[in-house]
Amino acid sequence: MWDFIAVELHRQRRLRGVSGAQLARIIGRDRSIVSRIESGKIPMQLDHAEIIDREWDLDRLFTRLVSFAKDRKEGDWRIGTLAEQEARATRIRMWEIGLVSGLLQTPEYARAAFAVGLVSDLDRAVETRLSRQAAVFERERPPEVSVILNWVVLEQPVGSPEIMRAQLAKLLEVGELPHVSVRVLPKEAGAHVGYDGSLKLLTVDARDMAYSDTPHGAGLVTDPKDVLDFQVRYDRIGVLAAPTGPSRAMIQDAMEKYR
C-alpha cells in the first residue's frame with residue numbers, strides 16, 4: 001500500500017507538471033522529503049496527504065489511502081531489522097551454505113568469521129551477534145528453530161582447530177534442546193537448489209517472512225509470493241538433508257578431525 005501511494009504521488013505530480021521542489025513548497029517541506037516519499041523510503045504523512053488533496057482537488061484520495069495504510073493489521077510501514085524480527089519470531093528456519101548460522105556461533109568462531117571480512121570493530125560485531133543469540137534463545141518462550149547446514153560447514157576450517165571443535169560441540173549441545181533441530185545436508189546430495197545461497201525463514205505474528213543472505217542483496221522479504229519461493233527452496237533442501245540422528249554422527253565425526 002505504501003508503495004502504491006508513492007507511485008501514485010509521482011504520477012499525480014507529473015500529470016500536473018509540478019516539480020518535486022514545487023510540491024515540497026506546497027506541503028511546507030524540503031525537496032528531499034518529496035523524493036524520499038516517492039521512492040518509498042519514508043511514508044506520506046496524513047497532514048501532507050490532506051494538503052495535497054486540497055491543493056489538487058483529489059476528493060481526499062491520498063487522505064483515504066494513507067489512513068487505510070496506517071490502519072492495516074499487517075503493521076508499520078517498516079518491518080524493522082532482521083534482529084528485531086528474530087527476537088519476535090515464534091519459528092525460525094535456516095539454511096547455511098558455508099558457515100555456521102550466526103545464531104549458533106560461539107564467540108571465537110564469530111570473531112574468526114568476522115576477521116576475514118570488512119568489519120572494523122570486531123569486539124562490537126561479536127557483541128552484537130551474541131545479543132541476537134540471547135534475544136532468541138534466552139527468552140521465556142524461545143522459538144522453534146530448524147537449521148540445515150551444508151556439509152561444507154563441517155569441513156571448512158574457520159579459525160583454529162580448537163575453535164572448530166568447540167563450535168561443533170556447541171552444535172551438538174544446542175541440537176539437544178527440545179525446540180531446536182540441527183541437520184546436515186551430506187556431500188552425497190549432489191547439486192541442489194541450496195546453492196543459490198543461504199536463507200532464513202521467520203514466522204512473526206503468524207506471518208512468514210524470509211531473509212536473503214547475499215553480499216549485495218541481503219534483506220527481509222515479505223511479499224507472500226516471494227516468501228513462498230524461499231519456502232519451496234527450504235523444503236527441497238530439507239528433503240535431501242540427513243535426519244537429526246545421522247546428522248549428529250556427521251558432526252561428531254567432523255569433530256574428530258580437529259583434534
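**View 1. D226 sits in helix α11.** Helices here are DSSP runs of H or I with at least four residues, strands are runs of E with at least two, and both are numbered from the N terminus. This is a predicted model, where local features need pLDDT of at least 70, side-chain atom pairs count only at pLDDT 80 or more, and totals for chains, interfaces and linings use all residues. Residues are numbered from 1 along each chain as its sequence is written, and side-chain values use heavy atoms, with hydrogens and water left out. D226 has 38% relative accessibility, so it counts as partly exposed (buried is under 20% relative accessible area, exposed over 50%, partly exposed in between, with a 1.4 Å probe and protein chains only). Its C-alpha atom is 8.9 Å from that of M209, a residue 17 places away along the chain.

**View 2. Q231 is also part of α11, which covers residues 224–240.** At 17% relative accessibility, Q231 counts as buried. Leaving aside residues up to four places away in sequence, Q231 touches R93, L201 and D208 (a contact means heavy atoms within 4.5 Å). With D208 there is a side-chain polar contact of 2.9 Å; that term means a pair of N or O atoms within 3.5 Å, where within protein one must be able to donate a hydrogen and the other to accept it, and residues adjacent in sequence count only if both atoms are side-chain atoms.

**View 3. Strand β4 spans residues 198–204.** Seven of its seven residues are buried, so the strand is largely enclosed by the rest of the structure. S198, K200, L202 and V204 point one way, while L199, L201 and T203 point the other. β4 pairs with β1 (residues 91–96) in the antiparallel sense, over five bridges (pairing takes at least two DSSP bridges between two strands). One place to look is M94, whose bridge partner in β4 is K200.

**View 4. Helix α1 runs over residues 2–15.** W2, I5, A6, E8, L9, Q12 and R13 are buried. Just after the helix, G17 has a positive phi of about 70 degrees.

**View 5. Residues 73–78 have pLDDT under 50.** pLDDT is the predictor's confidence in each residue, from 0 to 100. The model has six contacts for this stretch beyond four places in sequence. Where pLDDT is low, the predicted coordinates should not be read in detail. For the protein chain, pLDDT averages 91, and 94% of the residues score at least 70.

How values were computed
Expected span 1.5 Å × (residues − 1).
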